[in-house]
Amino acid sequence: MSTRGQHERGEAPARRTRDGRESREAAPQSTRSRTAASKDQQSNNGSTAGGAASPPLTGTTAASGRHRPRSRGDVDRVREKRLVEQVTTTKITTQRVKTPVKDEERERPRSFSKATGGAAANGARAPPPPVPWNPEATLIAPTTAPLASRISIPPLASSMPPSKRPPPLDQMTLELQEAAILEDLLYVFMGYEGQYIRYREDYNPNVEINRLTGPQFKVLPGLDPSLRDLTDETLKMATYYGAVDAFVEVHSREEYGAVNHALCAAIRKLLKEYLALIAQLEYQFITSPGFTLHIVHLHIQPTLQTMAVLHALAHEMLLRNTMLGDLEDSLDDFDDVDDILESLREGGDIVGSGKPKICKGGAVLGLLTHQLTSRAGDPQARGLLTMLLRESSRPYMAMLNEWLHHGGIRDPHSEFLVKEQKSIGRARLEEDYTDEYWEKRYTMREGDVPPQLEGVKEKVLLAGKYLNVVRECGGVDVSKEVQDVPKTFDDARFLENVNAAYAHANESLLQLLLTTHALPARLRSLKHYFFLNRSDFFTYFLDLGQAELQKPARNVNVNKLQSLLELALRQPGSVAASDPFKEDVKVVMNDITLTKWLMRVVNVSGLVDESSGALDDKPRAGSEKELDSYTGYHALEFDYIVPFPLSLVISRKTILRYQLLFRYLLQLRYLEMKLSIAWQSQNAVYPWKRRSRYPTVESSKRRAYTLRARMLVFIQQLMYFCTSEVIEPNWERMQLRIEKVTTVDELMQHHVDFLDTCLKECMLTNAKLLKLHAKLTHTCEYFSGFTPDLTRYLGQADPELLHPSERNGNGADMTRLKKLTDHLYQYEGHFSRHLKILLESLNYYAATETVVFLELCARLQTAWGDGDGQAMLPA
């Protein structure tokens, strides 16, 4: 008879005793084959000697829910075996009766004597029948993990009735103890309790945290110390297996993402190999008489190391998921606020509310990489973690290839390094175009980037962006069909794949922008309208709208100005008449002064302290005088409608830069026009054309002529410098760079650099230069408006200068002449003083910031006057 058949019939395996004979009598019954039902126990009770109950079946088999059907022959053999065991236990009981009984042993319960059949020897009253104990296995509710166990957890062995408990270990020989422990270990290795190896009191398998930390086992007292040490060492593997098995069951749920699912699938393959090892150990236990606990300890060492690595990895991931700690310690680790807002925009519920952030996607791959690096000196651990990283990266690489080669995101679990905001779509760009589509539609999950992609993450982001823009807005699918792409991170073609996809996407979008959507023509159109290049249409527009633009900005009719602009643009012979984009130019009125707007830009950029305040010349709410002086000329600006995808390059931020430069040039143009009108008015009226017989009056007239000329030279030289020395050279350099660009980002950067350079060299990004410039321009504007008053003062000081029809017969009024002279001194002093400070500042900034200011200094010297300008200052 084979020992395997003995094991299946419930017989103990034959073992060699010290005298060389085989003995099975007192061997514990195998719990893997002991599955008789309660009715079998009742039918066997009558077959024992003297009517005593047969030794009860242990509760481990019933608790674990493993019942195996028996044949009729198996039942008969079990009865014969139990008769032999009953005789043995009866002899033991008889020996105990002959030995002196201690007081404490007399008080011991009689349950043990019932189990051994010694209760009826002296005709004592029979104990009450045991309470039936029939644990049943039930199905639990399914979870989102498809392969998770749905069998209920068996009841604890500590809850078994005393009548079903096994004999104590201290009553067995060393060989029988080892056999019992070996049999228990085969179950404990699979996470179940044995007869003598049970869960600790503080472990509850119904609590998920306890299962994830791993079951803690204890051996019942009475085991030999040498066997206990080996048993404790081998029990570590059971703890590791229980923790890893629970980890796989939990992290296979849907919310943990595809990378976690792939990792759990790879671990599950290792657990199958682990169970195959347990089956081999069971076979050795059944067939080999020399199979000992020491042999088990040696055989499980490689597997023990593997399970230790898996347990350490699982424990680290559980810590990342805050599943082993207090939730209050991870209140700052919630899901991204953008995901919550995105869900609300789509009409859903708040995603991730009250739940900590889950470690998934790139964070899992990063953790595996970190573990692989830290265990690089262990060949076994390195090979294991390399395999896990390779298998876990497969779904991530599938998402990466879809993004790189098709511009799409298939990320139902939000674990890819690129995050998509679906609420920001192309439809919103038709109403209010902005670069938000480019900046915020696709963003990077900074904390979830795998280390393998850290160096090329920008290329990964841009490659998919480019393809997506071309597909959505270009109407052409330029997805690159790639048959053989790397599927794991350890593929040698991994980086080559990213670089090739990035180059292909760049080429596709550049072709779309430069050729299909005619970006260079758009930029030339912007130059005509915003930089007043070949601006014959603009002069005509200012002439047509002069009456409207002289009104306060709040009273200007924008629709009327828009009609006048369209009329000027369609004027035959104008450069704008042949422009296909002239319909995109719109007139708007800005209620903020240019200086105030520029100061806001400088403050936001951190170039000046906000505590220094803004200029005092900006209009304030409630100041009617200042609001009235803020005319349409000051508030006028152009807007430009740019279709997508050209708005990626000509974005709202770049349009704002164009508008700032346009308003600055318009301000200079307006001042030049006012000073020219002042010169024309001086040449048209009698007081300025006739020569006075008073030298002081002639001197005042010359001072006014000179000051007006200096101001006009200042404005004209400033305008010439901004257009010819700043904008035009930088424009040419930008055109050359655009012809050589290889990526869309280079194109966008060159465009922004061009505008930023123009703003800087036009003195619009420096707070001190802005203030000086504002004071000088306001002085010029006020003086040009003071020309009619000068004419009146001259006529009152010397009536002979007036037209004969205007003379009233009064003589010269020297008080008026004194007042005229004082006003001129104030304007001269103010203009000369601030011009001198501006020249000194430009010399300083030419040495520290940009050398272009030296050219401006040389040109503005012509407006400084004779010598150092001191002759112009009042005495």
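Modeller: This is a predicted model, and we can start with His-634, whose place is in helix α26, residues 632-635.

Colleague: What makes the pairing of the side chains of His-634 and Glu-781 a polar contact?

Modeller: The cut-off for a pair of N or O atoms is 3.5 Å, and the side chains of His-634 and Glu-781 are joined at 3.0 Å, while the side chain of His-634 also reaches that of Thr-631 at 2.9 Å. Not counting residues up to four places away in sequence, His-634 touches Ser-629, Arg-663, Tyr-670 and Glu-781.

Colleague: Why is strand β8 described as largely enclosed by the rest of the structure?

Modeller: Buried means under 20% relative accessible area, and five of the five residues of β8, residues 636-640, are buried, so the strand is largely enclosed. Leu-636, Phe-638 and Tyr-640 lie on one side, with Glu-637 and Asp-639 on the other, and both faces are covered.

Colleague: How do you know that β7 and β8 pair?

Modeller: Pairing requires at least two bridges, and strand β7, residues 585-589, is linked to β8 over five bridges in the antiparallel sense, with Val-585 standing opposite Tyr-640 of β8.

Note on methods:
Residues are numbered from 1 along each chain as its sequence is written. This is a predicted model: local features need pLDDT of at least 70, side-chain atom pairs count only at pLDDT 80 or more; totals for chains, interfaces and linings use all residues. Side-chain values use heavy atoms; hydrogens and water are left out. Buried means under 20% relative accessible area, exposed over 50%, partly exposed in between (1.4 Å probe, protein chains only). Helices (H or I, at least four residues) and strands (E, at least two) are DSSP runs, numbered from the N terminus. A polar contact is a pair of N or O atoms within 3.5 Å; within protein, one must be able to donate a hydrogen and the other to accept it, and residues adjacent in sequence count only if both atoms are side-chain atoms. Contact means heavy atoms within 4.5 Å.
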